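Thanks for coming, everyone. I have one model to walk through today. Have a look at it first, then I'll talk.

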Amino acid sequence: MINIFHLICFFCSVFFVHTSHFRGGTITSRPYNSTPSGASVPVIVRERWSWRRSWNAPPCSAAIIAAQAPMIGDSFTINCVAGTCGGYWTGMNTLTYCTDFSAPLDVASGEYYQTYTVPINTSFSIAFAGNAWFSTLVVGSGGFWSVVGRISTLIRPDGYLNTSPVAVSLPILYKEINIQHVHVVQMSDFDGTDLLKCRWSVGATTTINQYNECANVCNGVPGATLIGANCTIVFTLTIAGSYAAVAVQIEDFYNAAAYAANTPMSSVPLQFLFLGYANPGGCTTAPAIIGNRPNRACIGVLVGENITEIVITQVYCPGKSIVEYVSSVPVGMTKSAITNPSTGIYHITLSWVPVSVGFQSPDVIRPTLVQGSASPIGTVFQNHTVFSIQTTKSVNRPNRNGTYIYFWDSTLGGTLVQKYDCGWAPEVTYTGFTTIIRFPIAPWTAGHFYYVTFDSGVASGTEFCGPESAPVTDPTYWVFNIWNPAVSSTTTTTTTPFTTVTVTTKPTSTTSINTLLTTTGIVITTTAPITTTATTSSTSPPTTAAPTTAGPTTPSKTTESTVAVMYPKDFEEACKQPVAIMTAVIFLVMMPAHALALYAIFTKLEATFNPSRIQTKTRHRQRMKRILN
């Protein structure tokens, strides 16, 4: 069993205080086991809500997160509001275990899981409704909230039970006013083949939920545009200090036909806030999360495994600093204090040991690149263009851009030769466990050495949010060099008496590596007696293939030895004539034998089944019987 967390951080040095307490949230569900068995199935329902921190007493703190007590939340319950409601749904308390808080921003978040036994082939909607939102909302100021999701135990066309999508967000996102923003909502699904679509929540009852999905905050971001395929919101805020509530539904479809017909299997709500602020001046470049793990990374973690991730943030404006991180993390994850190891660099450490939440999760262990599978390695030809490496599990193209494979020239001190963005580059393809890189034109320099490195997520798993492979920055992980035909092998001999050596070399191959392309056709002429011979290779400039004499020799008997190399094509040519002769001989020998065998067989058959012979034999037996009687 494993758990997954998304890392999303956002920060700001200003904050506002309001008296209302709701800050948005989400509801998701999944069966304990996706294979149906019996008349009912345990369904795990997950709720996550954010509140005004000072509204709870005592307010959430690091000690409360560690102790997981007391719980935070509201007195309202989540109720069944549409569909097949029955006694199996008794209402769900909205008190949750606190997971995150920000004292300056006065916000706290928590989550909670509860299991219900639901009949097979049942579908119904559940809603968390109450009040009040912020009094400074652009739309729905001080109004009611309604967060609605659809739970389904209908058996899918593939015979399994459906798992609803998952969407995550920070409770509050700070956005500068009067400029256009593009915000991507992260959404994933354990059913990896499902198609996902994001839409605005609506107040009508005509959707799959058959209930008001957004109460007073429908269309809460004026003028915003939603791209449903990847849940991207394009918007502009205009009022500093005011909030805009986002209410969307994430829905999953079995296939393209269901997508076109708009018949989702389930519906997951997500509600959060944008807060507009005026540019404070003195800084035109926003801080950025840097380091090996980028923002929006998906990391798979086994239950019981201790994971530690360091979030590194860089501030690009002098005199500015990071005063707070706002996070959305699983139950039990801890955050360290903010550290400032160098100018403009800020760190925070996240630590987590996942525990079982009572359900079996699919295998979402992050894929690992297998070093021994990298190909090619060693010496390769200058025209080589295809490279590949395998992983420990099946992988897909990453879900995000900016995940690169790099090729470096170590001979030139680590100069970048080529990089490909695995998120979209057609030169990088994925098939099963293998990642393949194809260069349109080989960029290599003869005699140079190269190495390959990888960003986090170059290989992403096929499950859920695509658990990412760890980054590889070691310059010795995958190395190769390019053969230099200008540097020939040279042979040095030491003999008593002296030896004359002649060396010839095969021409360069222009196709692929051939292990038979070595120094061939060596002719050695020596005076007798031969005592010792030593051969060494060097990378010195090529020598002239002519006799070299190191002193006078005594005339005597001369011997010549030629090392001949036969290639597969030569072997084929040499065998053509013998094979043809043997085929003719065998045919000539076997043809008479075959004819005799056929004659014997047909003679036997004629003697056995000829009607005239059968009648003659019958009359003969009858005649002999009369004579004997």
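I'll take strands and sheets, then aromatic rings, then a few side-chain details.

First, the ground rules. This is a predicted model, and residues are numbered from 1 along each chain as its sequence is written. Local features need pLDDT of at least 70, side-chain atom pairs count only at pLDDT 80 or more, totals for chains, interfaces and linings use all residues, and side-chain values use heavy atoms, with hydrogens and water left out.

Some terms. Helices (H or I, at least four residues) and strands (E, at least two) are DSSP runs, numbered from the N terminus. Two strands pair if DSSP finds at least two bridges between them. As background, strands of a sheet pair through backbone hydrogen bonds, either parallel or antiparallel.

Start with strand S8, residues 123-131. How much of S8 is buried? Seven of its nine residues are, so the strand is mostly covered. Buried here means under 20% relative accessible area, exposed means over 50%, and partly exposed is in between, with a 1.4 Å probe and protein chains only.

S8 has two partners to mention. Strand S4, residues 77-83, pairs with S8 in the antiparallel sense over four bridges. There, Asn79 stands opposite Ala127. Strand S9, residues 144-152, also runs antiparallel to S8, joined by nine bridges. Phe124 has Ile151 of S9 as its bridge partner.

Val147 is 18 residues from Ala129 in sequence, yet the two C-alpha atoms are 6.3 Å apart.

On to rings. A pair of aromatic rings is described by the distance of the centres and the angle of the planes. The cut-offs: rings of Phe, Tyr and Trp (its six-membered ring) pair if their centres lie within 6.5 Å; planes under 30 degrees apart count as stacked, over 60 as edge-to-face, and the rest as tilted. How many aromatic pairs does the structure hold? There are 37.

Take Trp51 and Phe128. This pair is edge-to-face, 6.2 Å centre to centre, with 70 degrees between the planes. Trp51 sits in strand S3, residues 40-52, and Phe128 in S8, so the pair ties together parts 77 residues apart in sequence. Trp51 is buried, at 0% relative accessible area. Phe128 is buried too, also at 0%.

A second pair is Phe454 with Tyr477. Ring centres are 6.3 Å apart and planes are at 80 degrees, so this one is edge-to-face. Phe454 lies in strand S33 (449-454), and Tyr477 in the loop between strand S34 (460-461) and strand S35 (479-482), so parts 23 residues apart in sequence are tied together. Both residues are buried. Both also belong to one aromatic cluster, whose members include Phe387, Phe407, Trp444 and Trp478.

Which strands sit at the edges?

Another open sheet has three strands, S12-S16-S15, with antiparallel pairing. Its edge strands are S12 (180-184) and S15 (225-227). S15 meets strand S16 (232-236) over three bridges. Leu226 stands opposite Ile233.

Last, side chains. A charge sits over a ring if NZ of Lys or CZ of Arg is within 6 Å of the ring centre and within 35 degrees of the ring normal. Arg30 has its charged end over the ring of Phe190, 5.2 Å from the centre. Lys197 lies over the face of Tyr259, at 5.1 Å.

That's the tour. Over to you.
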